[in-house]
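Subject: The two-chain model, and what turned up in it

Hi,

Here is the structure I promised to pass on to you. Please open it in your viewer first, and then read on for my notes.

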Amino acid sequence: MIRLDGLGARAGSFHLRDVSVEIARGTWAIVLGAAGAGKTTLLETVAGVRAASAGRVMLRGEDVTRLSPERRGTAIVYQRGYLFPHLTVDENLHYGARDGAYVASLAARFGADVLRDRPVRSLSGGESQVVALVRALAPRGDILLLDEPFAALDPRGRTRVRRELQALQREQGLTVLQVTHDFAEAGTLGDLALLMDGGRLVQSGTPTELFRRPATSTAAEFLGAENIYAGTVRRDVQGDAEGPDALTFSAGPLTLAAIGRVAPGPAHAVIRGEDVALSRDAQAHASARNVFAASVVEVVVSGVVARVTLDVQGVPLVATVTTAAAHALALEAGATVFASIKATAIHLC
Amino acid sequence: MTAAARHARAGHRVAVAAAAGGAMVLLVLLLVPVLLLVARGGATGLRQLGSDAELASSLLLTSACATAATLLMVTLGTPLAWVLARSESRVAGGLSALLELPLLIPHPVAGIALLLAFGRASPAGSALAAAGLSIVGSPLGIGLAMLFVAGPLYLSAAREAISRVDRRYEQVARTLGDSPSRAAWRVTRPLAGRGLLAAAVVMWARAVSEFGAIVILTYNPKVASVLSYDRFTAYGLDAALPVAAVLVLLALVPMLVLRSLRALPLLDGVERS
């Protein structure tokens with residue numbers, strides 16, 4: 001288990017500030033954030049290779065804030081691998097290990113066994129990452145800190161290494177804290193997602209919560225929400241003690257019915273492209289509260305998905321639909337369609 | 001070709017010619033005196049080694065003292081260089097600057113400072129005398145002078161060599177169970193190996209050629225530089241030439257050794273990784 005209480009650290013002029021989170025044993029936590037958000041600094045502070053300037057790091061219920069890295073039982077894998085170039089691959093694999101047979105089994109499991117006789121400098125970036133991962137797992141620590149560990153792997157290798165690591169994590173109850181820029185990876189692997197911005201933890205929750213209900217418009221933008229509008233919220237109907245309120249969000253000519261727990265006043269509305277349904281018939285959206293006539297501005301097809309940019313009363317709205325649906329609706333620039341958005345799909349923050 | 005292109009090409013030719021001219025001037029200034037010295041005195045000096053006992057013993061003394069000073073500096077200075085390279089504190093930055101101070105002092109002044117600090121009149125000198133040691137007129141003084149004037153070169157270069165090794169190698173080693181000193185020994189030392197070796201060689205070569213500080217502390221027994229000066233003042237240029245030329249050849253030896261070591265795969269480009 002990893003618990004961080006008001007954790008702070010410095011890396012040159014960068015400051016990690018007031019990070020508090022609890023990651024249960026056996027959890028795979030994903031750290032997201034733009035470059036310079038503090039993701040690597042967070043990992044290094046948990047590993048102890050960077051000193052905490054404030055707060056506490058608790059591992060397995062023990063305060064390890066002042067404990068040296070070699071006594072924390074964590075292993076870190078950087079994107080570059082940092083294999084020791086003066087040692088052989090085999091020596092790298094055994095560097096921190098006590099059980100040679102276990103190293104051999106891990107190497108075979110992750111496909112690093114065929115690299116054992118290769119000089120470190122002859123390895124590709126992906127091969128280096130695999131060796132670095134096995135080297136980190138070899139000492140049998142129960143906390144694994146991964147800084148974009150699959151970034152250099154080819155798609156096939158990435159799938160294999162992810163699958164094996166996920167299986168190993170479940171078998172051994174490893175707690176994993178992984179930095180990634182790959183949202184698909186975050187959704188596939190993560191039990192918990194942490195969003196960092198400017199050295200602070202701005203939101204944590206399941207990956208679905210994070211993507212569907214970002215805490216701020218900046219978070220929504222980083223997480224790839226296609227439609228973010230600045231406007232004002234009005235409360236129409238007060239909900240009960242636990243339920244949401246019925247709200248109206250206005251941004252220029254755009255008025256949206258929404259539900260949520262947001263104080264009236266300035267706010268942002270976040271709508272994901274996949275939550276915008278399109279049709280040629282206004283009656284097709286009987287239960288949707290928000291139905292707009294729109295003209296198609298642009299259709300960009302990317303494989304099986306099409307990104308459709310619409311003009312709704314002068315306001316741009318992006319919908320993502322399947323390419324098949326785009327063809328079925330004969331979507332092309334200038335076409336008139338009806339766009340509908342359920343009130344429940346509008347996230348106000 | 002357009003006028004602008006012709007103009008640019010002419011400008012490039014002028015820049016290349018200026019660089020080549022500058023290089024020639026530097027070559028003449030830096031290499032010609034040394035080559036002349038070796039050409040005129042080298043063969044005689046090497047022949048004299050067999051018959052001139054004073055020259056042979058001065059070279060031996062010079063080499064021994066420079067080696068001892070270098071070994072002492074490598075032993076004591078490498079851990080210090082590691083601390084200075086890895087520390088982010090201002091104190092370490094200030095200490096680095098202070099330790100380079102001897103490089104800025106004129107060498108005879110360095111000798112006077114050493115005499116003041118470790119001469120018989122000083123507390124340290126008294127303590128040394130009580131132990132039967134003296135820095136005046138002894139190999140100890142020669143070694144001390146060499147350490148003082150050449151040691152900072154090692155410290156500075158070793159610190160640079162260690163700084164070039166990405167600290168994340170050490171950090172990874174730490175998470176794999178190494179203590180700081182064990183990570184430095186197992187990872188940083190081999191990765192900085194070539195730089196450390198180069199730093200030691202430069203220090204040794206500088207120590208071998210030291211004159212100003214040594215002559216204040218220990219005129220006798222004579223190291224090669226003092227012997228060369230002594231023969232020049234007593235007998236003139238022709239008598240000093242063989243000694244001076246052999247001293248130059250001696251300083252060349254480690255440089256050639258370093259060049260040949262660089263060809264070894266173990267040391268080739270490790271720091272770049």
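Let me start with a question: does Thr188(B) count as buried or exposed? With a relative accessibility of 2%, Thr188(B) is buried, because the cut-off for that class is under 20%. Please keep in mind that this is a predicted model.

**Around Thr188(B)**

Thr188(B) sits in helix 8 of chain B, which covers residues 180–191. Its side chain makes a polar contact of 2.5 Å with the side chain of Glu170(B). Once residues up to four places away in sequence are set aside, Thr188(B) touches Trp82(B), Arg86(B), Ile162(B), Val165(B), Glu170(B) and Ala183(B).

**Chain B as a whole**

How many helices and strands does chain B have? The count is 12 helices and zero strands, and the pattern along the sequence reads α-α-α-α-α-α-α-α-α-α-α-α. The C-alpha atoms occupy a box of roughly 70 × 60 × 35 Å along the principal axes. Chain B has 273 residues, and 40% of them count as buried. If you take the contacts in chain B between residues at least 6 apart in sequence, 75% of them join residues at least 24 apart.

The accessible surface of chain B is about 14,200 Å², with 71% of it belonging to carbon and sulfur atoms. As for charge, chain B carries 23 positive and 13 negative side chains, and the centres of these two sets are 7 Å apart.

One backbone detail is worth a look while you are in this chain. The peptide bond leading from Asn220(B) to Pro221(B) is cis, and its omega is near -5 degrees. Pro221(B) belongs to the loop between helix 10 (212–217) and helix 11 (224–235).

**Chain A as a whole**

Chain A contains nine helices and 20 strands. Its C-alpha trace spans about 70 × 45 × 35 Å along the principal axes. Of its 349 residues, 53% count as buried. Among contacts in chain A with a separation of 6 or more, 63% are between residues 24 or more positions apart.

For the surface of chain A, the accessible area is about 15,100 Å², and carbon and sulfur atoms hold 50% of that. Chain A has 36 positive and 36 negative side chains, with the centres of the two sets 3 Å apart.

Which backbone oxygens does the side chain of Arg280(A) reach? One is the backbone oxygen of Ala330(A), at 3.0 Å, and another is that of Thr336(A), at 2.8 Å. Arg280(A) lies in the loop between strand 15 (277–279) and strand 16 (290–302) of chain A. Leaving out neighbours within four places in sequence, its contacts are Leu329(A), Ala330(A), Ala335(A), Thr336(A), Val337(A) and Phe338(A). Val337(A) is 57 residues away from Arg280(A) along the chain, yet their C-alpha atoms are separated by 4.9 Å. Arg280(A) has a relative accessibility of 40%, so it counts as partly exposed.

**Positive phi in chain A**

Asp18(A), which is not a glycine, has a positive phi of about 50 degrees. Asp18(A) is placed in strand 2, residues 14–23, and is exposed because its relative accessible area is 53%. Arg60(A), also a residue other than glycine, has a positive phi near 55 degrees. Arg60(A) is in the loop between strand 4 (52–59) and strand 5 (62–63), and at 37% relative accessibility it counts as partly exposed.

**Where the chains meet**

Last comes the interface. How many residues does each chain bring to the contact? Chain B supplies 21 residues and chain A supplies 23. The size of an interface is often expressed as the accessible area lost when the parts come together. Here the area buried between chain B and chain A is about 2,100 Å², and carbon and sulfur atoms give 58% of it. On the chain B side, Arg168(B), Thr175(B) and Leu176(B) lose the most area to chain A, together 32% of what that side buries.

Note on methods. Residues are numbered from 1 along each chain as its sequence is written. Chains are lettered from A and ligands numbered from 1 in the order in which they are written. This is a predicted model: local features need pLDDT of at least 70, side-chain atom pairs count only at pLDDT 80 or more; totals for chains, interfaces and linings use all residues. Side-chain values use heavy atoms; hydrogens and water are left out. Helices (H or I, at least four residues) and strands (E, at least two) are DSSP runs, numbered from the N terminus. Buried means under 20% relative accessible area, exposed over 50%, partly exposed in between (1.4 Å probe, protein chains only). A polar contact is a pair of N or O atoms within 3.5 Å; within protein, one must be able to donate a hydrogen and the other to accept it, and residues adjacent in sequence count only if both atoms are side-chain atoms. Contact means heavy atoms within 4.5 Å. Accessible areas come from the Shrake-Rupley method with a 1.4 Å probe; for residues, only the protein chains shown count as cover. Lys and Arg count as positive and Asp and Glu as negative; His and the chain ends are not counted. The place of a charge is taken as NZ of Lys, CZ of Arg, CG of Asp or CD of Glu. Buried area is the accessible area (1.4 Å probe) that two parts lose on being put together, summed over both.
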